[in-house]
Amino acid sequence: MSLKDKLSELRQRGLADIKDSSDLKDVNQVRVQLLGKKGPITEVLRGMRDLDAEERPKVGAFANEIRDDLANALAQRKEELEKAVLNAQLAKETIDVTLPGTPVAKGEPHVIQQIVDQIEDLFLGMGYQVLSGPEVEEDKYNFEMMNLPKNHPARDMQDTFYITKEILMRTQTSPMQARTLEKHDFSKGPLKMISPGVVYRRDTDDPTHSHQFHQVEGLVIDKHITMADLKGTLQVLAHELFGDKFDVRLRPSYFPFTEPSVEADITCFNCGGKGCKVCKNTGWIEVLGAGMVHPNVLKMAGVDPDVYGGFAFGVGPDRFAMLKYGVDDIRNFYLNDVRFLTQFTKKG
Ligand code: DAH
């Protein structure tokens with residue numbers, strides 16, 4: 001058989017083998033068999049040495065043509081089989097887009113945060129700035145500039161976590177009064193701000209004490225601010241949080257950074273003011289501390305108390321939440337038990 005005939009036959013056989021290959025592994029095997037170094041085409045080409053010079057290029061060209069044909073057929077078969085594999089996989093993995101989705105639990109603001117948000121919205125609407133301050137605070141701002149020098153007995157009112165002698169976990173949001181007073185440019189207008197945040201006390205946790213809880217500080221300083229402005233502001237706050245039926249009353253109290261100082265009471269939630277066990281028959285419940293900013297606080301922050309003055313208040317959102325929802329243990333807010341927390345979400 002001439003080399004040419006051998007090659008023709010090889011092509012036929014090769015093409016048939018390629019066609020018969022049933023998977024990608026098969027195709028690869030056929031490729032190695034046909035076109036590999038030990039394959040029949042290489043062998044034929046080796047046999048060309050015995051041909052005469054005239055025949056050699058012709059047979060060579062024919063051999064190349066056959067090799068190309070086979071290579072093309074292999075590539076084509078490979079592509080066909082790859083497509084078939086992909087199609088089979090796609091068919092197997094068909095997704096039913098009409099199936100109902102898996103519900104994902106969606107978070108909602110914590111009950112305390114809901115109250116803080118409500119307070120923020122209210123005061124933003126009245127032209128206040130909302131500021132946040134550091135929880136790791138300097139003694140200077142937390143106490144000293146709030147008119148509580150070292151050894152002042154009222155420091156004991158707030159058991160403190162000290163980090164160093166001068167650095168502590170803030171026990172109140174009041175240091176934000178000193179921080180903002182220090183920076184405020186009164187030529188641009190009055191200072192009106194609230195500052196919500198977390199504060200820390202070295203308290204033993206019990207139903208009414210937590211070593212961390214929330215406060216919202218308020219401060220208004222201008223030229224003609226009176227206690228009536230304070231009372232009006234607290235009334236607006238009580239109405240917003242609890243409803244129009246709730247009234248506010250002020251009682252004299254003591255805080256080192258205010259003079260005079262007051263505690264504000266709100267109509268008892270439980271009895272509406274008639275007197276009951278919750279309000280110890282007074283008809284009132286204490287909700288916050290406030291007062292007219294002490295001249296020393298203004299002076300230490302570089303503000304002239306003969307020209308400027310105003311009021312400050314500190315409210316506890318935790319206490320508000322306890323009163324509003326009848327929660328009798330503050331620790332519930334911090335235990336992160338979803339069964340407790342979801343009672344206060346919209347979904348309930
Ligand atoms: N800082 C006080 C506390 O933690 C609360 C307070 C009382 C803040 C009177 C005030 C204020 O701004 O005027 O007990």
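Strand β1 and strand β4 (residues 191-200) pair in the parallel sense over 2 bridges. Pairing here requires that DSSP finds at least two bridges between two strands. Strands themselves are DSSP runs of E with at least two residues, helices are runs of H or I with at least four, and both are numbered from the N terminus. Within this pair, V130 stands opposite I194 in β4. Strands of a sheet pair through backbone hydrogen bonds, either parallel or antiparallel.

This is a predicted model: local features need pLDDT of at least 70, side-chain atom pairs count only at pLDDT 80 or more, and totals for chains, interfaces and linings use all residues. Residues are numbered from 1 along each chain as its sequence is written, and side-chain values use heavy atoms, with hydrogens and water left out.

Now widen the view to the sheet. It is open, has 7 strands and shows mixed pairing. The order is β1-β4-β5-β9-β8-β7-β6. At the edges sit β1 (129-130) and β6 (248-255), each of which pairs on one side only.

Two helices meet this sheet. Helix α5 lies across β1, β4, β5 (212-222) and β9 (309-315), and runs at about 170° to β4. Helix α8 (residues 227-242) touches β6, β7 (258-267), β8 (284-293) and β9. The direction of α8 makes about 30° with that of β9. Axes are lines fitted to C-alpha atoms, for helices over the stretch in contact, and angles run from 0 to 180 degrees between N-to-C directions.

Helix α5 (residues 111-125) also has a helical partner. Its axis and that of helix α10 (residues 317-325) come within 9 Å and cross at roughly 105°. That makes α5 roughly perpendicular to α10, a label for angles of 65 to 115 degrees. In α5, the residues V111, I112, I115, V116, Q118 and I119 meet P317, D318, F320, A321, K324 and Y325 in α10. Contact means heavy atoms within 4.5 Å. The contact residues divide into 9 nonpolar, 1 polar and 2 charged. Nonpolar covers Ala, Val, Leu, Ile, Met, Phe, Trp, Tyr, Cys and Pro; charged covers Asp, Glu, Lys and Arg; the others, Gly among them, are polar.

E259 lies in strand β7, and an unreviewed UniProt entry marks E259 as "binding site". Such annotations may be inferred rather than shown by experiment. Not counting residues up to four places away in sequence, E259 touches M292 and H294.

Finally, the whole chain. It is divided into domain 1 (3-92) and domain 2 (111-344), with bounds from an automatic or database domain assignment. Their centres, taken over C-alpha atoms, are 88 Å apart.

Notes. Parallel < 35°, antiparallel > 145°, perpendicular 65-115°, else oblique.
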